[in-house]
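Hi,

Here is the structure I promised to pass on.

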Amino acid sequence: MIGISTQIEQGQRWLERYRGRKPIFACILGFTETGLIPGISAAGATPHDRQFTCLADAEFLYNGPQHHPQYPLPPLQAGASPVLISRAVIEALDIPLYLFNAGLPLAPPVPAIDLGGTPAKCLTSGNALELETVKHLWEQGLIWGAKLADRTNDSYLILGECVVGGTTTALAVLMGLGMAAAGKVNSSHPQCNHTQKLAAVTAGLNMADWEIGGDQKSPLELVAAVGDPMQIVTAGMAIAASRTCGVMLAGGTQMLAVYALMKAVARQYALVWCPEQVTVGTTRWVAQDPTGDTVGLAHEVGGVPLLAAQLSFAGSRYPQLQAYDRGYVKEGVGAGGCSIASGLAANWHPTQLLQAVEALADRCEIQL
């Protein structure tokens, strides 16, 4: 069920330590106007739809299928929201769930901890967030990371995200930190739109007068220039939690960017943390995406085990789920991390996970 692509021995030790343990799951919700660039993301068929993707995913993650949700899952170009995967696992394994609003235009329709952030402007502005907001979110991340770690009962914390357009802001942070990330990131499209992403990122870094790989500014200033509110919250949470429990950063490109940010901030401020406690957990569809290079990007970031749930929906009864094996959607809302947790906590195999997701889909056909 679980493959390890980088830092194999470290990853094996991490998996063995937490085998049989039930995690807690925190999903950090955020918004960037980058996600409204036409064609930048497939997480919603139109820019209008993408304004509500995060709200709909949060509602479904918390409530499961409802006859009349406040925010129905938005139509996609193909496929179905990865929140179905995360919800199926959380529901079946009774995993404790925490939602955090790091910066959304509208309040989530379900209980969420408001961190006092703001939505990010488009990264092409070079001024995505106010630096004071970034600093505030960083402090909130540290506080809540420690709080959540105290609740894990010697288990681990899964940190997931929902940010439409987040792979583009991830590319911006990675490049701003001097990583050779161009052409390596993933997207919700079956063929990653590398040229479009790189053009947006280059415009934003130029507007911010950012010297790529330079040390003239802090990582927090980089997030303020071209990042999104989820990134700095998650970095703070993971650093603080790693001191006392295991941490799985649940995602692909976005969480590799968070890990790179963690390393940069810890170095800048001489912070104590435990890198051996941290993994990145995603899906096979991301780890093996032929239009990106997730494994190469993990090597570029360095030091973190890249875990991947060995999923296949090719034999699903639902065309929307079959689309995953054709390269659509791939990941999001902690789907990969939750899938890995199902293998660790309940020894599920990929077929069992598919059955759980299909059983959930049977209850919400109206939303598919």
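**Salt bridges**

Arg87, Glu91 and Arg363 are tied into a network of salt bridges, where a salt bridge means a side-chain nitrogen of Lys or Arg within 4 Å of a carboxyl oxygen of Asp or Glu. Before you go further, note that this is a predicted model, in which local features need pLDDT of at least 70 and side-chain atom pairs count only at pLDDT 80 or more, while totals for chains, interfaces and linings use all residues. Residues are numbered from 1 along each chain as its sequence is written, and side-chain values use heavy atoms, with hydrogens and water left out.

The background is simple: side chains of opposite charge can pair when their charged atoms come close. By the cut-off above, the count is eight salt bridges. Glu16 and Arg19 form one of them, at 3.0 Å from N to O. Glu16 counts as exposed, at 53% relative accessibility, and Arg19 is partly exposed at 41%. (Buried means under 20% relative accessible area, exposed over 50%, and partly exposed in between, with a 1.4 Å probe and protein chains only.)

Another salt bridge joins Asp154 and Arg21, at 3.4 Å from N to O. These two come from distant parts of the chain, 133 residues apart: Asp154 is in the loop between helix H5 (131-150) and strand E5 (156-162), and Arg21 is in the loop between helix H1 (8-18) and strand E2 (24-30). Helices (H or I, at least four residues) and strands (E, at least two) are DSSP runs, numbered from the N terminus.

Then there is Arg317 with Glu358, whose closest N and O atoms are 3.7 Å apart. Arg317 lies in the loop between strand E8 (306-309) and helix H13 (319-322) and Glu358 in helix H15 (residues 350-362), so this pair ties together parts 41 residues apart in sequence.

How many of E5's seven residues are buried? Seven of the seven are. Tyr156, Ile158, Gly160 and Cys162 point one way from the strand, and Leu157, Leu159 and Glu161 point the other way. Strands count as paired if DSSP finds at least two bridges between them. E2 and E5 run parallel and are joined by six bridges, with Ile24 opposite Leu157. E5 also runs parallel to strand E6 (residues 246-250), with four bridges, and there Tyr156 stands opposite Gly246.

Tyr156 turns up again in a cluster with Trp14 and Tyr18, linked by ring pairs. Rings of Phe, Tyr and Trp (its six-membered ring) pair if their centres lie within 6.5 Å; planes under 30 degrees apart count as stacked, over 60 as edge-to-face and the rest as tilted.

**The nonpolar cores**

A nonpolar core is a set of buried Ala, Val, Leu, Ile, Met, Phe, Trp, Tyr and Cys residues joined through side-chain atoms within 4.5 Å. The largest has 75 residues, and Phe100, Leu159, Leu249 and Met262 touch the most other members. Helix H10 (residues 253-269) gives this core its largest share, 10 residues. A second, separate core has 53 residues, including Phe60, Val89, Val110 and Ala361.

Enjoy exploring!
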